[in-house]
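The structure comes first, then the details.

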Amino acid sequence: MMQNGFKPDKFAFPFALKSCAGLANLQIGKLVHQHLVCCGCDSDVFVNAALVNMYAKCGNVEDARVVFDNMSVRDLVSWTSMISGYAQNGYNSETLSFFNLMRDLGVKPNRVSVLSVLLACGNLGASRKGEWFHSYVIHTGFESDVLVATAVMDMYAKCGSLDLAHKLFDQTEGKDVVCWSAMIASYGFHGQGRRAIDLFDNMVKAGVRPNYITFTCILSACSHSGLLEEGKTYFEAMKGFGIVPKLNNYSCMVDLLGRAGQLSEAEKLIENMPMEPDASLWGSLLGACRIYGNLDLAEKIADRIFQLDPFNSGYHILLSNIYAAKSRWKEVEKVRLMMGRRGATKEQGFSLIEFNNVVYKFGVGDRSHSESEKIYSALQELSAPMKQLGYIPMTDFVLHDIEEEAKEEALSYHSERLAIAFGLIKTAPGTTIRITKNLRICGDCHNAIKLISKIENRLIVVRDMHRFHHFKDGVCSCGDYW
């Protein structure tokens, strides 16, 4: 258009920006932004709304907010684009704050806004806030919307209230494939693979046709519960429904085989796939190598992964874990130096706990909390009874060549333990403690929390990046299979 001498106007730019958003092409989006400023269209409300949407969908939430704040007039589209941008990009606290801002300024939240805050509550594990938004959904009439009802159900499941999620699922009328799939995924996430299978069978009997996402959910559920043969059966069943397996389905099968110790079969499946495997698929097999201590295969896989995604710190850390478990400290150091050269920085682990409608965040060795002294004291008091029950620190999870005593101390103050200690000192005896962790829970913390649940006679629910762990009476719901 511009090459032919035509000057774009306020009607052309929103379409161009929408295309950039659909392609998630931030670079071109910024060029379009420059052109619209030069053309004097930067004061138009529809152009600015499209700009907010483009930046948000390209993951640049900060610039989206700058454009939003500079708008003299904001329509509902710009408000919706901003709040969904926060939610979809993991800015969970900001999503909730923005929703409050909308209500304070008299902007009536729409369906997308409600879906955004429910997603944020689920990601934070903020059940009390989620309950408030559930009440808001009921009072504003959104409850009859099956997508909103599904989001409420999913929120409760992510906050650890699986029974309540299923109750809402049963009450939802006109359940579509998204609703069924979400409930199947919830059972899988909580390690209840058999119930996920029963639900899948009920869905088919109800005449709802599964799609490839449904099969991703059921395969993942089988993987988390160690249901190897059932998983293989469902993978083959996709053909009967006329569904060609996609990369996500193959990834679930690799994870299923890897967790079951069938590393060679998992590698063979990847090699014979009809599409090119990505780094995350190889990463699933690398994770299985860590579980089973297969260093030779891990090194082979790592080479492939680093060719596909050399800047992802997670894969470097995973390989480093495998070397550390074998006390191969020189190789650990080499991996760390490789990370430094590539600029791959380690993602910091943290744990969240909600108390009195406030979400508290803890990092490893965190002493920033006003009650840190009490928190650390509570953990120290637990040390003796834990050892009496047979606790032995698994120091191979400390990725440094340091003295054993220092390793034990480093393990004692992981973020999930600090969050649990906070929960113990702030809540009444017998109260369920719910924790959300952004990374995978380490084996030592898993063992420690089992004993803490027995000592304190508490149900402790921990959601890590892969699944839920329900600790009670010294036992975890995962059966030590995760």
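## The second largest pocket

The second largest pocket holds about 430 Å³ of space. A pocket here is an open set of points on a 1 Å grid over the protein atoms alone, where a 1.4 Å probe fits, with protein on both sides within 12 Å along at least five of seven lines. Its volume is the space filled by probe spheres set on the points, which are joined across faces, edges and corners.

The model is predicted: local features need pLDDT of at least 70, side-chain atom pairs count only at pLDDT 80 or more, and totals for chains, interfaces and linings use all residues. Residues are numbered from 1 along each chain as its sequence is written, and side-chain values use heavy atoms, with hydrogens and water left out.

## Lining

The lining of the second largest pocket comprises 27 residues, each with an atom within 4 Å of a point. Nearest the centre lie S127, R128, E354, T432 and R434. Two or more lining residues come from each of helix 8 (127-139), strand 1 (350-355), helix 23 (415-426), strand 3 (433-437) and strand 4 (460-463). Helices (H or I, at least four residues) and strands (E, at least two) are DSSP runs, numbered from the N terminus.

By class, the lining has 10 nonpolar, 11 polar and six charged residues. Ala, Val, Leu, Ile, Met, Phe, Trp, Tyr, Cys and Pro count as nonpolar, Asp, Glu, Lys and Arg as charged, and the others, including Gly, as polar.

Most residues other than glycine have a negative phi. N356, not a glycine, has a positive phi of about 55°, and N357, also not a glycine, has a positive phi of about 70°. N356 lies in the loop between strand 1 and strand 2 (358-363), and N357 is found in the loop between strand 1 and strand 2 as well.

N356 counts as exposed because its relative accessibility is 64%, while N357, at 38%, counts as partly exposed. The cut-offs are under 20% relative accessible area for buried and over 50% for exposed, with partly exposed in between (1.4 Å probe, protein chains only).

Strand 4 pairs antiparallel with strand 5 (residues 468-472) over four bridges; pairing requires at least two bridges found by DSSP. The two strands form a hairpin with four residues between them, and V462 stands opposite H469 in strand 5.

Strand 5 also runs antiparallel to strand 6 (residues 475-476), joined by two bridges. Here F471 stands opposite C476 in strand 6. The hairpin of strand 5 and strand 6 has two residues between the strands, and D473 in this hairpin takes a positive phi near 55°.
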